[in-house]
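This report goes through one protein model, part by part. Keep the sequence and the 3D view open while reading.

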Amino acid sequence: MTTLSISSLTCEYRVNPIGLDTTQPRFTWQLASENHYTMQSAYQIQVSRNENSFESSCLVWDSGHVQSEQSVLVVYEGQALLPRNRYFYRVKVWNQTGSPSPWSEIAFWEMGQLSPDDWSAKWITPHAASMDPEAEEAFYLRKTFTVRKAIRKATIYATSLGIYELELNGARVGDWEFTPGWTSYRHRLQVQTYEVTSLLQHGENHTIGAVLANGWYKGDLAWKNQRNIFGDVRALFLQLHIEYTDGTSEITVSDDSWRASFGPVRMSELYHGETYDANLELSEWSMSTYQDDNWCPVTVLDHSKDILVMQENEPSRITQHMKPITVIETPSGETVLDFGQNMVGKVHMRLELPVGTRLQLLHAEVLDQEGNFYIGNLRHAKQTVTYVCKGGGEEQYEPHFSFQGFRYVKVVGWPRDTAFDAERFTGHVIHTDMAASGTFECSHPLLNKLQQNIVWGQRGNFLDVPTDCPQRDERLGWTGDAQVFIRTAAFNYDVALFFTKWLRDLKADQHENGGVPFVIPDVLGPNDHSSSAWGDAAVICPWTMYQIYGDKRVLEEQYDSMKAWITYMRSQGENEYLWNTGFHFGDWLGLDAKEGSYVGATPRDLIATCFYAYSTSLFVKAAEVLERSEDVATYSELYERIVEGFTHEFLTPSGRLAAHTQTAHVLPLMFGLVKGSTRDRLAKMLAEYVVEQNNHLTTGFVGTPYLCHVLSENGYHDLAVKLVQQEDYPSWLYSIHKGATTIWEHWDGIKPDGSFWSDDMNSYNHYAYGSIGDWLYRVVAGLDSDDQQPGYKRIQFRPRPDSGLEYAKASLHSSYGKIRSEWKKEADGRVVYEFQLPPNTTGLATLRGATLAAASVNGQAAQTASGVLSAAESDGELRIELGSGTYSIIC
Ligand code: BGC
């Protein structure tokens, strides 16, 4: 009897997705087996048009028996896929001894619209003569239609210039927030797919409605007082497909038959909040009984359909409800709700107050030194929600088209004669609804809090694009921040689709000469682009996606963009192999900066040249993966020259670095630009610089992510441990003592005396320094991938029980299934390791200081234990090759 089975079928990373536009979707499945060392030796995939039959007449693809271990992202190679069609698939596998699994359960995916010809919808906007197109109010749009026969299936495809919400017959369609999300709107605009069969029935009088606000498209964006960056007219684009049970179908689209009105949303802006007057509500406006005689006509707008792409990543959703932990009466008499957590989203309220009551909610991340409400660091962002009550019973409201970054909410306008009731307020946490994937925990409570803060920082800033911060007048896709955090991000959440989408935007916005805008989507304009370590996101992010998900397609898609960035760097320097010109953010916010400067002391040309080399080396690896042998040769040669250029410019002949900062030493070590005795010398110098600071860091955005990695890898793990466990300024744990529940932008966002870093640039929710999470997972817990077999096909376990902790454990839901790496020190000095490898993977456990003689695996001798492929000692390490399964190793 085989114990082999298949679970967790996904198509393009999603369970039963609808609305795909890739014509070669990819399938991933997981194997389940009770046996150690279970590998897949072959698979078969069948795809049918018919949910109930996999008869050959129904199949659009039968892969046949394919001899292959691949179980992740297997490409569909069947008949051409048709728009809007649903396809059903199932998978069967054979293990290494040739035993088959049963067929998996049946999963499906559904295609969306595939070409501009699939659209008959028009872009519509309220008629300018009747409604001010520049208005801050949200527009309401509606249309009544008839369903002629019994329905088999109804699907809406919708998008907008601006952000929208849909209603159908009085019910909200979907639970997605801020649709259509944010992309490089000039080139790419996502279309959402909603299955609405259950909201419609045979009969006349159905109404579809949309509410449309400015959003990223034309609202305030960036700190330069800019509006209308992508366009100055909002518009809706919608197509409803109804398939009847008799096989016929009908389409209802956005066109000039729709009507428009203003309504209760008087103002809505992402940064500034929303003003809602419940007295202006259009009661039942999306029901067909509603009379829209006084609504205005709409006009058809000429706007491209070529930019339309089907939704690529997970939507943003409300993922958690938070209750205030307390109500604070501040010294200056303000009533402030404390949600106990710096979060991103909006506040839902349930009110029963007299008509006309004007309640205002102001949102802040921190209270000031005196304990008063503080919004200085929001700069121009108002984060103010105003609600005017209609009275006469309970009213429920939360803003529709605006999000706030906050822990504290100041309530203004609560009637004096009514007891304040904090229970009526609920914080709704919003972010891209990525699946949680990893956990890290250890015996140090503050490090666990740090891990939580990192996760909250990610939740707050992964709202459709990776933003720098979620509160002030910025919230932009800063490339540098994304680049430094991506690897940590991929431990905490499944970010495959999130970054696939964002990288397409990066590519779309990249300049012709290869330059990369500072922020993606680009809203800063043609002059703001191409700082080293920021533009390198073009190379580092796709490579990381490949490492984590084994996703070759990302590399293929981004390949030209990666190459263009290298070409750009190559054209910049005074000589081809050195990048010593132009503007760079440098080691942004490094503590060795000159008084009043944001830029750390590490020479910018050193940073630029190091990243130039690093990106080139990653590009060579990408070229190897994609078998572009000419590029491998050309760029390997270029890489060698850059390393020579770096050596010539920055290293003395005896191997001393000409720049005396921590970050300057970190980069060449991390990127492998120095070898042998030079490497040792640089590592020693770095350690000395850290010790000189009384075991503290001075690094900024560029050096921080790598600092501990470099120390651990070069014989100074004890120092890395001290750094991470430091509790006074500057350190990761310092902010926790100051009450942080997210990661701060500055090491001293709140100074030891309680005062703030200036209002000018002081976010309390900035994930960049959260990049230490990668070190906690990969080094302390020892859960790492292997570039030779990416996507965790092969797992590298390199736990470090010498981390000054009693135990550490990490887990990760990889494409193959759950991985665990744990260790625990016993009172008698033994170390117990636990490793879990999902089927169809193998791993190497490298245990420092352990010996074969003193090790047992699941209670047996290491060499003979079930699932152990080999075990040997070398260089003071015990190396155990493991097949899939769970292992308890005692040393
Ligand atoms: C952002 C950063 C960004 C930086 C550029 C700031 O305003 O918040 O995180 O990387 O500018 O140096």
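## Two asparagines in loops

Asn-225 is found in the loop between helix 1 and strand 17. Helices (H or I, at least four residues) and strands (E, at least two) are DSSP runs, numbered from the N terminus. Phi of Asn-225 is near 55°, a positive value in a residue other than glycine. At 62% relative accessibility, Asn-225 counts as exposed; the term exposed stands for over 50% relative accessible area, buried for under 20%, and partly exposed for what is in between (1.4 Å probe, protein chains only).

Asn-695 also has a positive phi, near 60°. Asn-695 is in the loop between helix 10 (676-692) and helix 11 (704-713). At 16% relative accessibility, Asn-695 counts as buried.

## About the model

This is a predicted model, in which local features need pLDDT of at least 70 and side-chain atom pairs count only at pLDDT 80 or more, while totals for chains, interfaces and linings use all residues. Residues are numbered from 1 along each chain as its sequence is written, and side-chain values use heavy atoms, with hydrogens and water left out.

## Annotated domains

In UniProt, an unreviewed entry lists residues 149-320 as "domain: Bacterial alpha-L-rhamnosidase N-terminal". UniProt positions are given in the numbering used here, feature names are shortened, and annotations may be inferred rather than shown by experiment. The end C-alpha atoms of residues 149-320 lie 40 Å apart, and the span is 2% helix and 47% strand.

The UniProt annotation "domain: Alpha-L-rhamnosidase concanavalin-like", from an unreviewed entry, covers residues 329-431. Here the end C-alpha atoms lie 30 Å apart, with 0% helix and 51% strand in the span.

An open sheet is formed by 3 strands in the order 1-3-7, with antiparallel pairing. Strand 1 (5-11) and strand 7 (74-75) are the edge strands, each pairing on one side only. Two strands pair if DSSP finds at least two bridges between them. Strand 3 (residues 26-32) and strand 7 pair over 2 bridges, and Arg-26 stands opposite Val-75 in strand 7.

## Aromatic rings

Rings of Phe, Tyr and Trp (its six-membered ring) pair if their centres lie within 6.5 Å; planes under 30 degrees apart count as stacked, over 60 as edge-to-face and the rest as tilted. By this rule the count comes to 73 aromatic pairs. In one of them, the rings of Tyr-185 and Phe-230 have centres 4.9 Å apart and planes at 80°, so the pair is edge-to-face. Tyr-185 lies in the loop between strand 14 (171-172) and strand 15 (189-195), and Phe-230 in the loop between helix 1 (215-218) and strand 17 (235-244), so the pair ties together parts that are 45 residues apart in sequence. Tyr-185 is buried at 4% relative accessible area, and Phe-230 is buried at 11%.

## Around the ligand

Which residues are around the ligand? They are Asp-468, Arg-472, Glu-474, Trp-478, Asp-481, Trp-534, Phe-585, Trp-588, Phe-701, Glu-745, Met-761 and His-766, where the cut-off is a heavy atom within 4 Å.

An oxygen atom of the ligand is 2.6 Å from an N or O atom in the side chain of Asp-468. For the side chain of Arg-472, the distance from an N or O atom to an oxygen atom of the ligand is 2.7 Å.

## Cis peptide bonds

The peptide bond from Ile-520 to Pro-521 is cis, with omega near -5°. Pro-521 is in the loop between helix 4 (496-509) and helix 5 (537-549).

Note on methods:
Polar contact = N/O pair within 3.5 Å; in protein donor to acceptor, adjacent residues only side chain to side chain.
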